[in-house]
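Please open the structure in your viewer and keep a selection panel at hand. The stops below go from the whole chain to single elements.

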Amino acid sequence: MMIVVTKLHIPQPRTSLVTRTRLIQRLHEGLDRTLTLVTAPAGYGKTTLLSEWANTLKCPVAWVSMDSGDNDRIRFWAHTIASLKQACPAFNAESVLRFAAEDSDSFIAALINGLHRLSQTIILIWDDFHHIKDPAILKGIIYLLERMPNHIHLYIASRTIPPFSLSRIRAGTGLVRLGVSDLRFLPEETSLFFTMCGKINLSEEEAATVQEKTEGWATAMRLLVLSLHEQADPASLVSMLTGTERDISDYFFEEVLSRQPEKIQQFLLKTSVLDRMTGELCMSVTGMSESKLYLQHLDQLNLFLVPLDEQREWYRYHHLFQQFLTAQLQRREPKQWNALQIAAGKWFEENGCPHEAVDHYLAGAGYEEALMLLEAIAPELLVYEWTTLYKWLNDIPVSLLSARPMLFLTKLASQYMSGRVEEATDVYWQAVRWLEKGADNLPPHQSKTLHAGLAFLAAFRTFLDRDFDYAVQYSEEYVSIHPEGDFFIGFGGDKDGWHPVWDIYVSDDSITLAKQILTPLISIWSETRNVYFVAHLCIDFGKLQYECNRLDEAEKYMRRANDIGKSYDNPCLATVSALWLARIATVQGDEKNATAIVKQLSEQPALKANPHLSGKIALFQAMLGKKQGEEEAWNQWLISSGLRFQDEIPLSMINEYAFLASLLAEEEQIEESIALTDRLFFIAIQAGRKSDRIRLLVYKSLFLSLQGNAEKSMTILEEALALAWPEGYIRTFIDEGIRLRKLLDQYLALRQKQHHRSVRKVPLTYVKQLLRLFPRIEGVTGEMITIEGNMPILTAKEKCVLHLMEKGLSNKELASQLNISLATVKTHINNIYGKLQVKSRLQALERANTLQLF
């Protein structure tokens, strides 16, 4: 994603500004609110006011100047995140951007979490927000505002009121609003403006008249100052202030323009096609070798030129002045318009700014130039900037696109990926019907390409929509037409090989469904060149085999995926499959091999630099450490991950937050672990992920048991079993180890003694099957480990206290050793007594020895 750094520059106010103290104070009120909204038509000084105020602040200020190109969800948020990073280097931008291609809520959730991890007050300013109309962006902003951390304050400057509801913010007194009536110059401010900016002393009556006729419009007063001839009578010019704002501005802009030398007039008109400009660019567009000097001259004249960087290399015209100039150019020299736009496009293309190049080519009807450039950059744009790509391709005549089937298909893909699902569906069926009618004037090879491409896009769209039966059907159609299967290989994938498809696993939804879908899909795609999708399917099938406890088959498919990932340099697929191989090795008892795999991964520089993949490796290391009882390993992960139970939770991070819940339980924060598990369970239901629902119910059952709520623990465990047994889930239970085995032992005993009425009719044969598959601890029998059918489950901290009790440490010594309070020590000991059903230290130690808890 290309960041235009000049958009992040806070405009520097002129030294001769009138300081508007009353408005500065209103902006300061926003430091106690969520949102400050500054709305007024062009020319009322919104940008000037905010930039002047921002330069008075001691806290970090992130600024983004919006334009119409920011109506792309990824582009909008990427620039916002870049501005936050620039203002506050401690902001972890990479951890947020890893969610860029996910659904909007997940991405904004990651942004909110990142903002929560900052401690200082931060101001975020969106200038020229009226350009933003994309529904997905507006929805994300609402989500952000409703969850904004208290130390983050958003300021929006716009010509119109933003098209989203402000009722909740207003109701919570979270809104400061400045409108036209606030921004209008008062008579005393008007007088001061003319004194400072025009060296003109107006009487009170003249100032009041100017204020009344301009209605306090800053631009009109600025134009009036520029229009004053030396020795001019201010009173006579007041009489010219008649008509609407547009009449006033056009009159005075014409006056200002006509007073410039002819070369400067030509320079102004020709460069009006540029939204930002530098001397070299202006020379390329206008052919004037003095372009840099002209820019400096206009800057010195303060002629509606806005610097975009500290070095004053990049500029833009004031928006109203640019509108006036472009209208004059099209009226006076309409034939030059397209040539100037294409010249600008070529300069931007040659200087590594393809986005602006395409914008200028299209504005100048340079469709061939635009198409050639789009063919080169479309694969990169398909990673994130689907909306921008679709908008560009949609501006190109259909007759030109139809001669390039791959670009037509790219347009259709970007249309769907940018959220225009219904429109994309209509275009898809129009193309299908056109092909059925013979596709007039389309050569046979292009017709075949289009037919195959439509089937490919349908296959991937239905897969992304989890309509897997249709995914199989369209995959068969695609490969039958185009056996090579090499269209759009890796389309939408980032530089590390991640793709939105890689987050979709059929096995997450249902084991039964995965068995029905994955076998034909692997068969269909295995003979094609789309090796990345084959590797992903192999990982999915390996997960299925793993859950069914067919570990050799699981290893076989994971190894195949790993070989593809390594051979075709796809770090994402290689890493994910390697971590699964390590997991399989762990449950097979080969922890040495598992440790070696993870060590090799963690030492790769490329993976260390990738927050997405290094996060997956760190999570596995922590999980392995927890399994091995290495408290330091999971404590290190807790610190480095920065996760908190009250975070907003992206869908793709269910695994991380589920592990966090288990660690909270180990730290005896049971209420928090249960609350987090309940939130995760709701997300899993919304996403239709059955495997996660079962796993989270298992976790909750364990947490309730730790809490001493045996009855509810059994009820939740039964709910998990009821979901799992029809499809034969196994490893979800077995991987939880001895603690869950004890709960299953208890559940079985209660059912057999009819002490627990089974509401969900879970077959006991399934429970017994699971129990047989648990590794047995030598010397421990089912009868021996139970106390009224229940094996006591101690937390890691309680086990530590018990060990120190065995060594004879007093309560005070325990507190000192563990660096906790005496009251906390007593709480741990009382919990131990309760779980072991004893009343003294001696009894506790005897019972612990009997149950082999040491």
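The chain holds 46 helices and 7 strands, where helices (H or I, at least four residues) and strands (E, at least two) are DSSP runs numbered from the N terminus. This is a predicted model, in which local features need pLDDT of at least 70 and side-chain atom pairs count only at pLDDT 80 or more, while totals for chains, interfaces and linings use all residues. Residues are numbered from 1 along each chain as its sequence is written, and side-chain values use heavy atoms, with hydrogens and water left out.

Of the 854 residues, 56% are buried, meaning under 20% relative accessible area with a 1.4 Å probe and protein chains only.

Next, select helix H20, residues 367-384, and look at Ile377, where a kink of about 55° lies shortly before the proline Pro379; the bend at a residue is the angle between axes fitted to the seven residues ending there and the seven starting there. Ile377 is itself among the buried residues of H20, which also include Leu374, Ala378 and Leu381. The cover over these buried residues includes helix H3 (73-87), H19 and H21.

H21 gives the most to the lining, with 3 residues.

Now move to Glu656 in helix H36, residues 654-666. Is Glu656 buried or exposed? Glu656 is buried, because its relative accessible area is 8%. Leaving aside residues up to four places away in sequence, Glu656 touches Arg98, Leu619, Trp637 and Leu643, a contact being heavy atoms within 4.5 Å.

Finally, select helix H39, residues 710-724, whose 15 residues reach 21 Å from first C-alpha to last, close to the 21 Å expected at 1.5 Å a residue; that expected span is 1.5 Å times one less than the number of residues. Buried residues of H39 include Met714, Leu717 and Leu721, and what covers the buried residues includes helix H38 (690-706) and helix H41 (737-752).

Methods
Buried < 20%, exposed > 50% of the residue type's maximum accessible area, 1.4 Å probe, protein only.
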